[in-house]
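Please read them alongside the coordinates.

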Amino acid sequence: MKRRSLFALLIAAAIISPLASAAEPMVIRMSTTTSTDNSGLLGWLLPAFEAKTNTKVNVISVGTGKALELGKNGDVDVTLVHARAAEDKFVADGWGIDRRDVMYNDFIVAGPVSDPARIKGSKDVLLAFRKIHDSGAKFISRGDNSGTDIMEKAYWKSAGVNPAGATYISAGLGMGEVLNMAAELQAYTLTDRATYGAYKAKTGLEVVVEGDKSMYNPYGIIAVNPAKHPGINYKGARLLIDWITSTEGQARIASFKPAGQQLFFPTAK
């Protein structure tokens with residue numbers, strides 16, 4: 001009887017073990033910008049994807065430069081970022097494949113209600129940057145090689161201004177932290193609209209510059225090249241890329257409307 005009982009247990013274990021293993025979710029490692037995380041978008045998007053595909057997405061939220069570096073090092077399987085020139089170089093250098101357009105939002109300049117540079121209502125970001133500099137008002141820079149930081153530096157250069165001194169503060173922080181810092185110091189900063197929306201009530205900062213065509217902010221998703229890093233989960237990366245650019249994924253992005261305001265607009269073809 002003991003032999004039969006032991007045999008039955010072994011058979012049961014052999015049957016249950018594969019089923020338990022099959023039920024374990026596939027882990028996908030994704031690096032992304034702080035804007036997709038701070039805004040609440042990922043909290044809206046990923047649970048739907050994970051439930052449908054039996055996956056678990058482990059997110060590393062950093063600036064675009066660091067997000068791409070994590071991909072280059074093989075520390076993630078896929079990256080979702082917003083700095084097109086850097087994305088194209090990442091792919092051209094062979095570190096990433098299967099890049100797809102995902103969505104866009106826009107940059108804005110946020111600042112204190114007092115508006116010391118007198119730029120509220122402007123639609124010319126370069127003129128606004130010159131006025132901020134000339135007025136001696138404080139400006140908080142991300143200073144972290146993020147997509148926002150790269151764009152901000154490009155605006156200063158195009159405006160013919162080299163910001164420096166005590167009024168220009170390079171924080172080396174994420175967007176949410178920079179917005180809090182700008183509120184504390186009554187300073188201006190460049191931010192994506194989505195993260196600003198998530199922090200507006202907390203900071204009390206106002207939108208002072210918006211609507212300039214150069215403030216368009218597109219996002220792309222890229223799989224890390226398995227030829228460079230054979231250990232990465234390319235299957236999982238493609239699963240996420242295919243879903244987030246599908247009709248379902250794009251509709252989910254469009255339906256993300258905190259306080260009734262759409263913050264990201266789908267662009268997948």
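**Helix packing and cores**

1. Leu45, Leu46, Ala48, Phe49, Lys52 and Thr53 of helix 3 meet Leu239, Leu240, Trp243 and Ile244 of helix 10. Contact means heavy atoms within 4.5 Å; helices (H or I, at least four residues) and strands (E, at least two) are DSSP runs numbered from the N terminus. By class, the residues of this contact are eight nonpolar, one polar and one charged. Ala, Val, Leu, Ile, Met, Phe, Trp, Tyr, Cys and Pro count as nonpolar, Asp, Glu, Lys and Arg as charged, and the others, Gly among them, as polar.

2. This is a predicted model: local features need pLDDT of at least 70 and side-chain atom pairs pLDDT 80 or more, while totals for chains, interfaces and linings use all residues. Residues are numbered from 1 along each chain as its sequence is written, and side-chain values use heavy atoms, without hydrogens and water.

3. The largest nonpolar core has 25 residues, of which Met30, Val78, Ile221, Ile244 and Phe264 touch the most other members. Such a core is a set of buried Ala, Val, Leu, Ile, Met, Phe, Trp, Tyr and Cys residues joined through side-chain atoms within 4.5 Å. Elements giving two or more residues to this core include helix 3 (41–53), strand 9 (216–224) and helix 10 (234–244). A second, separate core of 20 residues includes Ala137, Trp156, Tyr168 and Met215.

4. Asn233 lies in the loop between strand 9 and helix 10. Its relative accessibility is 18%, so Asn233 counts as buried (under 20% relative accessible area; exposed is over 50%, partly exposed in between; 1.4 Å probe, protein chains only).
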